Amino acid sequence: IKGENGSYDSFVGKNADGKAVAYAIVGEDAKGYAGKIVLMVGVTPEAKIISYRKLEANETPGLGANLANEEFVRQFEGKDASSPLKVKKDGGEIVAITSATITSRAVCRAIDAARVRLDELRK
């Protein structure tokens with residue numbers, strides 16, 4: 001959801017007792033193959049990734065645009081968001097999208113940016 005200033009908002013999901021049960025946090029990276037990638041990242045209070053959804057990206061169709069494909073997204077589910085994620089080529093666990101390593105790295109960085117916002121929301 002875009003706010004009045006054109007930026008996306010992050011949210012805290014709370015139960016009836018007012019306890020945080022999930023966060024929906026915007027993360028972005030300006031270094032995708034074709035420009036900025038903006039994601040909405042769902043995270044538990046324990047900083048485990050629930051999932052993410054693409055809000056903005058203009059990556060190459062059939063390659064980097066696959067950042068929204070369920071198979072790629074599913075790799076992130078349950079991962080610890082309290083430290084940066086990396087693609088396998090960089091020593092991490094995430095299998096990069098074939099012929100779209102730049103996009104895959106940008107997704108990891110966007111999720112890390114969401115982690116920084118999570119820290120701010122928790123304060």
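Biologist: Leaving aside neighbours within four places in sequence, which residues is Val-41 in contact with?
Modeller: This is a predicted model, in which local features need pLDDT of at least 70 and side-chain atom pairs count only at pLDDT 80 or more, while totals for chains, interfaces and linings use all residues. Residues are numbered from 1 along each chain as its sequence is written, and side-chain values use heavy atoms, with hydrogens and water left out. Contact means heavy atoms within 4.5 Å. With neighbours within four places set aside, the partners of Val-41 are Tyr-23, Ala-24, Ile-25, Ile-49, Ser-51, Tyr-52, Ile-111 and Ala-114.

Biologist: In what order do the elements of the protein run from the N terminus on?
Modeller: Helices (H or I, at least four residues) and strands (E, at least two) are DSSP runs, numbered from the N terminus. The protein has 2 helices and 4 strands. Read from the N terminus, the order is β-β-β-β-α-α.

Biologist: Which strands stand at the edges of the sheet?
Modeller: Two strands pair if DSSP finds at least two bridges between them. The 4 strands make an open, antiparallel sheet in the order β1-β2-β3-β4. One side of each edge strand has no neighbour in the sheet, because each has a single partner; these strands are β1 (11-14) and β4.

Biologist: How many bridges join β3 to β4?
Modeller: The two strands run antiparallel, and Leu-39 stands opposite Lys-54 in β4. Their hairpin has 5 residues between the strands, and Ala-47 takes a positive phi near 70° there. The number of bridges joining β3 to β4 is 6.

Biologist: What angle does the direction of α2 make with that of β2?
Modeller: β2 is joined antiparallel to β1 by 4 bridges, with Lys-14 opposite Ala-20 in β2. α2 packs on the sheet and touches β1, β2, β3 and β4. Axes are lines fitted to C-alpha atoms, for helices over the stretch in contact, and angles run from 0 to 180 degrees between N-to-C directions. For α2 and β2 the angle is about 135°.

Biologist: How far does helix α2 reach from its first C-alpha to its last?
Modeller: α2 (residues 101-122) has 22 residues. The expected span of a helix is 1.5 Å times one less than its number of residues. That gives 32 Å for α2, and the reach in the model is close to it, at 32 Å.

Biologist: Why does Thr-101 count as buried?
Modeller: Thr-101 is found in helix α2, and it is in contact with Val-87, Lys-89 and Ala-96, leaving aside neighbours within four places in sequence. Buried means under 20% relative accessible area, exposed over 50%, partly exposed in between (1.4 Å probe, protein chains only). Thr-101 counts as buried because its relative accessibility is 18%.
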